[in-house]
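Here is a friendly walk through a few residues and ring pairs that you can follow on your own screen. Have the sequence and the model open side by side as you read.

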Amino acid sequence: MIVPAVVSGQSRSEVPDLFDQFFNNYYLLNPAAIDTSYTFNIRGENRTQTGLFEGISKLYADADFKIRHKEARSQHIGVQVVNFKEGEFINKSRLYGRYSWKTSLTENSFLSAGAALGMVNYNFRGSQAGAGGSSTVLDGSIGIWYGWKKLYIGVAGQQILKNKLQPINQQFQLDRYWNVTMLYAFQLNPYLDFTPHLYTRLQKGSMSVQLAGIFDIYDLVSVGMNLKYKRGIAFVAGLKKLKVGNSAFSLYASYLAGTSSPSIIDDNAVEFYLSFQR
């Protein structure tokens, strides 16, 4: 059982923990990460920690719709819900609406920009350790996304409003930070592709780095791993874009093996990802 520890009068910096399969939904990192290969896409993922911190789980649901596509330009809107549950007493939720716009620069390159605006809610249930409470604030993010052939680079500012929540005596500061992402798809042979995904989070006084490498076999089966610096290694396997008529499904699973000392964010975890697009 996890009971919230309340430290009266102090402020705690809050930065969302990242899903191990971050490469399956770049909208989590950058609202400009546009993909025009579909009319709409619905994604969801569930992350459950195992072992000592079995009561901690995180999930998201994301829907993206292409509302306009004309010549070299397109526009998308989306909605995203994220929930982080720490045992029976702590529940952290986020809800965002999103808009992104893309334009071609040359025959092989494009640039997109996007923004997301929504709400963050922290809810603490009362317990013997202290009283409960709830707090809600506005939050937002902005980003740009550049593509050239099979290279994609993105930069995004998250928690740009820098608001504070205070569901209990302790304050939680949503500190601003920057996400930098890059990926490149290599075709090793007609039946095998390899895509490295690099993620870096830049924040005053700290930095987080993840490097994932994914092999796609026959553009159907995916295997690989994600190296989380000073955190652990996530092993990934899945089925990529199983086509049914004009639609496609994707299903991935991963297991994170922690390599550092035990803590709430470093414990081993299992993730399942599912998407539907058309």
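A residue is called buried when its relative accessible area is under 20%, exposed when it is over 50%, and partly exposed in between (1.4 Å probe, protein chains only). Both Phe-19 and Tyr-60 are buried. Before going further, please note that this is a predicted model, in which local features need pLDDT of at least 70 and side-chain atom pairs count only at pLDDT 80 or more, while totals for chains, interfaces and linings use all residues. Residues are numbered from 1 along each chain as its sequence is written, and side-chain values use heavy atoms, with hydrogens and water left out.

**Aromatic pairs**

Rings of Phe, Tyr and Trp (its six-membered ring) pair if their centres lie within 6.5 Å; planes under 30 degrees apart count as stacked, over 60 as edge-to-face and the rest as tilted. The whole structure holds 16 aromatic pairs, including these two:

| Pair | Centre to centre | Angle of planes | Type |
|---|---|---|---|
| Phe-19 and Tyr-60 | 5.0 Å | 75° | edge-to-face |
| Tyr-26 and Trp-145 | 5.4 Å | 50° | tilted |

Where do these partners sit? Strands here (E, at least two residues) are DSSP runs, numbered from the N terminus. Phe-19 lies in the loop between strand S1 (11-14) and strand S2 (40-49) and Tyr-60 in strand S3, so their pair links parts that are 41 residues apart in sequence. Tyr-26 belongs to the loop between S1 and S2 and Trp-145 to strand S7 (residues 133-148), so this pair ties together parts 119 residues apart in sequence. Tyr-26 counts as buried at 10% relative accessibility, and Trp-145 is buried at 4%.

**Charges over rings**

A charge sits over a ring if NZ of Lys or CZ of Arg is within 6 Å of the ring centre and within 35 degrees of the ring normal. Arg-98 lies over the face of Tyr-27, at 3.7 Å from the ring centre, and Arg-201 lies over the face of Tyr-177, at 5.8 Å.

**Two residues to look up**

Is Lys-58 buried or exposed? With 9% relative accessibility, Lys-58 counts as buried. Lys-58 is found in strand S3 (residues 56-70). Leaving aside neighbours within four places in sequence, its contacts (heavy atoms within 4.5 Å) include Phe-19, Glu-45 and Phe-84.

Thr-259, in the loop between strand S17 (247-258) and strand S18 (269-277), is exposed, with a relative accessible area of 58%. Beyond its neighbours within four places in sequence, Thr-259 is in contact with Arg-231 and Gly-232.

How values were computed. Helix = DSSP H or I, 4+ residues; strand = E, 2+ residues; numbered from the N terminus.
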